[in-house]
Amino acid sequence: MANVNLKAMDVDALLALRGEIDDTLEERSRELKKQLSALETARGRPARGASAGGRSSALKGVKVAPKYRGPNGETWAGRGAHPKWLAALLADGHSLDEFSIEGADEAEVEEVAEKPARKGAARGRRKRG
């Protein structure tokens with residue numbers, strides 16, 4: 001790389017140099033992304049951005065029936081971390097089975113309505129008359 005005296009350059013020359021630098025950086029970035037994609041594909045991983053819409057699970061956000069009920073009527077479906085009310089009761093020596101709702105262990109299959117379309121998905125499809 002040649003030594004360039006930036007203080008001696010006028011504004012137009014500095015702006016032109018900045019444009020060249022931006023172009024070079026963008027080109028290098030594209031090359032590195034291609035290399036990374038090739039490496040991920042070679043290792044058996046899908047390329048970045050090829051995931052299923054960014055969702056981690058098809059069941060995420062689906063409501064399920066509660067499996068546990070507390071003494072004050074609180075409920076918990078058994079997913080995720082224990083809620084505070086249950087954690088406190090478990091710390092006091094209670095068993096998780098004490099709060100189990102009868103019949104919750106049986107395989108109850110409820111029809112889950114299809115998720116509604118995203119807001120604005122139907123926009124633009126209506127015929128205007």
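Rings of Phe, Tyr and Trp (its six-membered ring) are taken as an aromatic pair if their centres lie within 6.5 Å, and the pair counts as stacked when the planes are under 30 degrees apart, as edge-to-face when they are over 60 degrees apart, and as tilted for the rest. By this rule the count comes to two aromatic pairs. One of them joins Trp85 and Phe99 in an edge-to-face arrangement, with 6.4 Å from centre to centre and 85° between the planes. Trp85 lies in helix H2 (residues 84-91) and Phe99 in the segment after H2, so this pair ties together parts that are 14 residues apart in sequence.

The model is predicted: local features need pLDDT of at least 70 and side-chain atom pairs count only at pLDDT 80 or more, whereas totals for chains, interfaces and linings use all residues. Residues are numbered from 1 along each chain as its sequence is written, and side-chain values use heavy atoms, with hydrogens and water left out.

Helices (H or I, at least four residues) and strands (E, at least two) are DSSP runs, numbered from the N terminus. The protein chain holds two helices and two strands, and along the sequence they follow the pattern α-β-β-α. In the table and below, buried means under 20% relative accessible area, exposed over 50%, and partly exposed in between (1.4 Å probe, protein chains only). Of the 129 residues of the protein chain, 9% count as buried.

| Residue | Relative accessible area | Class |
|---|---|---|
| Trp85 | 17% | buried |
| Phe99 | 9% | buried |
| Glu31 | 34% | partly exposed |
| Arg28 | 42% | partly exposed |
| Val4 | 47% | partly exposed |
| Arg79 | 41% | partly exposed |

Side chains of opposite charge can pair when their charged atoms come close. A salt bridge here is a side-chain nitrogen of Lys or Arg within 4 Å of a carboxyl oxygen of Asp or Glu, and a search of the whole structure finds one. The side chains of Glu31 and Arg28 meet in a salt bridge, at 3.5 Å from N to O. Glu31 and Arg28 are three residues apart in helix H1, and are therefore separated by about one helical turn.

Surface patches are made of residues with over 30% relative accessible area and no salt bridge, like charges being joined within 9 Å and nonpolar side chains (Val, Leu, Ile, Met, Phe, Trp, Tyr) within 5 Å. Glu20, Asp22, Asp23, Glu26 and Glu27 form a negative patch, and of these Asp23 lies in helix H1 (residues 11-42). Val4, Leu6 and Leu14 make a nonpolar surface patch of about 240 Å², and Val4 lies in the segment before H1.

Finally, Arg79 is found in the loop between strand E2 (75-76) and H2. The C-alpha atoms of Arg79 and Lys67 are separated by 9.4 Å, while the two residues are 12 residues apart along the chain.

How values were computed:
Accessible areas come from the Shrake-Rupley method with a 1.4 Å probe; for residues, only the protein chains shown count as cover. Lys and Arg count as positive and Asp and Glu as negative; His and the chain ends are not counted. The place of a charge is taken as NZ of Lys, CZ of Arg, CG of Asp or CD of Glu.
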